[in-house]
Amino acid sequence: MPVFIVAAYDKTGKPNAMNAAWGGIFTDNTIGICISESHKTTQDILASGAFTVSMATADKVTECDYVGIVSGNKEPEKFAKAGFHAVKSEFVNAPLIAELPMTLECELLSYDRESNFMTGKIVNVSADEGILGSDGQIDIAKLKPIVFDPIHHDYLNIGDKAGSAFSDGKKLL
């Protein structure tokens, strides 16, 4: 599963972030994530109506894991202790994490307290120029996102190209 770092500001403007792996893109402009209401980040999102979702990367695996194992309810300096620096989004009232090169900037659409399922409208995608390919698009090899293996509790690098989407299957037509 992809490893997302979800971030929001609290009511005083202090950034907080958490690691979440139970989610994904639904439509071109909608993301869904399952996160418990007990998380400080969830409470901050519900109060502010906005959040960011960054892809966790191989070079920041320690920092990204840290925000997943430490509670913002118990450690008020969690964001800073992770070594993260907040940059205010121009599109939503939520922090970008300077150390993570790709971020979805989202407005809260819904949160179901029974299922803990949150949806957000993606209003902008920010990407550091260092992860762009020669075509100006995000290059996954440069981004180096990680995925979570829930069976072994491992973070894995995304590997080499395995095939061409919307093309390889045509061989069987």
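Where is Glu-129 found? Select Glu-129 to start the tour: this residue sits in the loop between β9 (117-127) and α4 (140-143). Helices (H or I, at least four residues) and strands (E, at least two) are DSSP runs, numbered from the N terminus.

Before moving on, note that this is a predicted model, where local features need pLDDT of at least 70, side-chain atom pairs count only at pLDDT 80 or more, and totals for chains, interfaces and linings use all residues. Residues are numbered from 1 along each chain as its sequence is written, and side-chain values use heavy atoms, with hydrogens and water left out.

**Stop 1**

Glu-129 counts as exposed because its relative accessibility is 68%; exposed means over 50% relative accessible area, buried under 20%, and partly exposed in between (1.4 Å probe, protein chains only).

With a relative accessible area of 31%, Ile-138 is partly exposed.

**Stop 2: strands side by side**

Select β5 (residues 50-55) and β8 (residues 102-112), which run antiparallel and are joined by five bridges. Two strands pair if DSSP finds at least two bridges between them. Highlight Ala-50 and you can look across to its bridge partner in β8, Glu-107. Glu-107 also has a bridge partner in β9, namely Lys-121. Between β8 and β9 there are ten bridges, again in the antiparallel sense. These two strands form a hairpin with four residues between them, and Asn-116 takes a positive phi near 65° there.

**Stop 3: another hairpin**

Val-147 has Leu-156 in β11 as its bridge partner. Four residues lie between the strands of this hairpin, and His-153 in the turn has a positive phi of about 60°.

**Stop 4: the lining of a pocket**

Which residues lie nearest the centre of the largest pocket? Select Met-18, Asn-19, Ala-20, His-39 and Gly-68, which are among its 25 lining residues. A pocket is an open set of points on a 1 Å grid over the protein atoms alone where a 1.4 Å probe fits, with protein on both sides within 12 Å along at least five of seven lines; lining residues have an atom within 4 Å of a point. To finish, colour β2 (15-20), α1 (40-48) and α2 (61-69): each supplies at least two residues of that lining.
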